[in-house]
Amino acid sequence: MKIEPFHTLNEMRKEHGLIKTVLLKVDESFTRLTAGLSINDVRSILRGDPAGKPNPRVKPHTEGAIFHIWPSFYHEAVTKFYPTFRLGLISWALFLIEILTGLILMVWYTPAPGTAYENMLRILSNVPLGQFTRDVHRLAAEGMVIAVWLHMGRTFLTGSYKKPRQFTWATGVILLLITIGLSYTGYLLPWDQLAYWAVTIGASMADAAPPPAVGEAVALLLKGAPDLGANGLLRFYLLHVFAFPLIALLFIFVHYYKVVRHGHSLPPELETIGEDTARKVPQDKRVPFLPDVFTNEILWFGLIVMALVVPVALGIYTAPLEHAANPQSTPLHTVAPWYFLFVQGWLKLGDKTFWGVVFPTILIGLLMLWPYLDYNPSRRYGDRRIALMAMFIIIGIMVVSSYMGTPGFLVVTAPQIELGHEFMPGEKVGPIRKIPFEEMLVGTWSTRALDEIPDNAPALQAVMEELWHEIEAVPKLQVVEGETVSYEGMYGELIIEDAQYGQAGPLLKKLTLAIHWDEQPFDVVRQEPGYFVETYVHVDSEYEKTPAYH
Amino acid sequence: MTGKIFLGILIFMIIFVSIGLVLINEGALPSQQDTPQQPGTGRMQIEARAQAGRSIEQGALLYSGNCATCHGVNGEGVPGKGPVLNPDLFTVHFPELKIQGYQGLLRDFVKGTIMAGRPVQSEWAAAQGGYAERMPTWSQRVGGPLRDDQIEDVVNFVMNWEKGVGAQIVIDFTPVGSDLAAELPVGDAARGADLFAQRVKAGNGLNMPCKACHSLTPGEVLVGPSMAGIASRAATREPGKTAEQYIRESIQQPNAFLVQDDPKYVVNGKSVMPEGLGNNMTAQDLADVIAYLLTLQ
């Protein structure tokens, strides 16, 4: 290599003049940062000029640390929306967005039971863009789980897991598990009722791991104590912000390296059966990474950020927050996060150890080893009828299992409890709390005398009418916990009382929802017959304007 | 490439307009801040007030479940069980604390008392006639049942009464007091049952505290004896008094006749049945309750 004579700044100034020297130095710095592209190269890219010869646009691939992992050209067939649907890129983009928003949220968060929930309230009420950041973080997390699942489905659909990409698939399954792990550990961190009980359900799976001694040890290791507490929260936090992201980055690197090493698999119809031509791209099919693929990916990045930011800004999506975690009080209808609903559904089928631990573990093992078990060399859709059918049947089973996991399936709750939960839930808001404060007229309002509700309280009227409809819909005879119960003569009452006054009027109202029917039990606390749910509503609570609590 | 640049600029603009929209509504601008005259209009200010409101709601639930038995549903106190909080905290206790040289805020005093309880009766309480039990500890930090955030909720609820001092709806009523000779109207047993069960309020607009100490289940002792069968027992309790006269005396002058057979009902020579109950009810309330109790054969 020839060593260029080194010009001092002064020599350059003498030769080119001051302004030109400065410009040359700026261009030189720019070229160093882009690992080989000068300002004029970038301008020619933006103008859409064809690349010169020799092509300066491959320099970042050979010189740069970041770009060297990307191939310098793609096969034209994989740069279209089909067959990748950009799902790998979307997952990666969401992962980066999670790191960014997560880092911001970490600033205001302490993983301790006494402070975590208070921190959440602070993020909502005292940090500019705090709620926005949290909403984006949560939405991107849900999106990432969906994107990774879809990515796997697409890979199966196009048969891209087949030789030589079996190992890529296996690392992908690990990344799926890490994604779910990230989402699940993050679920606990707000330390509200929603988080606490959803995670308690999931973490109890660890207890069921066979044999009992192992299950106990694993659960203890995970939760730090028999019940979730300070230690459990700290462990979940460290997994969420440190261990899982680190492992994810490692496996993303391995996964992506394998993708590049074998080339992006082509649409199945382009290849002869049993052949893999992804690495042999003819000259006329090459699409350079710089600028075509790179700019396309930047656009996709932008689209994803937009898809997260716009629904959050418009209030279409808001991350939920319930009351502070209370280990003493289990809310009705506690559910696992939606991506675990299928396990909750299976648990209703029987043994916790089998359906909750053994069976899912076998499935994950099968999923990971599937490319090594599948001996059908063809990636064509027509040759894989059984595999594709099996895929859709499994998707169907997952949907049905998830439905089985919802509270409505196979769990019968007495109708008065359901009514109380629907109209005045312990968590969330429910229709009664949403009645405007000034329409909460003091008195006892009954579904038997709907016309007694004054016309200046239309929302109260509407809620009581809704209650009447729901009560009418209750079957008169029901089997609850093995006993046939009669619900003849059922009616509801909403008792509204003033609880605290201020100088300008009532500040706090007490609302009691009473459900009565002919064979009602006696409430020992209230010393009167019926079923009762009580709540208080403060004039400032603004359940309509604070969507996190909906 | 031109199309991509155009699309990119469009996406960039949509993202930044969206974030900008959120940011200007956040409440970080000086014009959106809370001022004493006008509450702020920013999202964060609305959120902060809503959080305070919800804390009071939670506090109200905790108060009605844990505190109302001794301090009354509306902080009106229960004679002999717990002192009046509303409005005495603000009008009596705090000025008293200041006189004694207390340097802190009332809020801190309330919080400290709720958290740690009152192991020893204060001189002030003793001067009021004393209470049967001491305030227990409520914070988990000192062995009680409530978490820090729950303590905070109860404190917020209690302190919220301050906004109502002087604004409370004053109910005009004539208490029956401790006068055993006053003529009583005809009692309505059904209303008496409602009064006892706290389904309707007494003449002072508040709940009657009876059921806090008296069960209706035979033999069950909450604090005082069960009211089951009271009509039969009352008839023979005190020589020369009918059941009606005996029940009336027990309510209006609980120390006039002490039942000595059970030591847990008499402490320091006084009945645990609080004095001054007659100050919280009208003659009609008293007559109704007596009529109701006379139905419990």
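**Exercise 1.** In this predicted model, work out how much area domain 2 of chain A and domain 3 of chain A bury between them, and how much of it lies on carbon and sulfur atoms.

*Solution.* Start with the total: the two domains of chain A, domain 2 and domain 3, bury about 580 Å² between them. Carbon and sulfur atoms carry 50% of that area. To place the domains, note that the assignment runs domain 2 over 75-404 and domain 3 over 415-545, with 41 Å between their centres, taken over C-alpha atoms.

**Exercise 2.** Find which side chains form the salt bridge with a distance of 2.8 Å, N to O.

*Solution.* The rule finds one salt bridge across the interface of domain 2 and domain 3 of chain A. The side chains of K428(A) and E322(A) meet in a salt bridge at 2.8 Å, N to O; that falls inside the cut-off of 4 Å.

**Exercise 3.** Now turn to chain B and chain A, and describe their interface by area, polar links and elements.

*Solution.* First, the area: the chains bury about 4,300 Å² between them, 60% of it on carbon and sulfur atoms. On chain B, M1(B), R54(B) and E57(B) supply 14% of the area buried against chain A, more than any other three residues. Second, the polar links: there are zero salt bridges by the rule, but 18 residue pairs in polar contact. Third, the elements giving two or more residues on the chain B side are α1, α2 and α7 of chain B, and α2(B) gives the largest share, 16 residues.

Technical notes:
Residues are numbered from 1 along each chain as its sequence is written. Chains are lettered from A and ligands numbered from 1 in the order in which they are written. This is a predicted model: local features need pLDDT of at least 70, side-chain atom pairs count only at pLDDT 80 or more; totals for chains, interfaces and linings use all residues. Side-chain values use heavy atoms; hydrogens and water are left out. Buried area is the accessible area (1.4 Å probe) that two parts lose on being put together, summed over both. A polar contact is a pair of N or O atoms within 3.5 Å; within protein, one must be able to donate a hydrogen and the other to accept it, and residues adjacent in sequence count only if both atoms are side-chain atoms. Helices (H or I, at least four residues) and strands (E, at least two) are DSSP runs, numbered from the N terminus. Domain bounds come from an automatic or database domain assignment.
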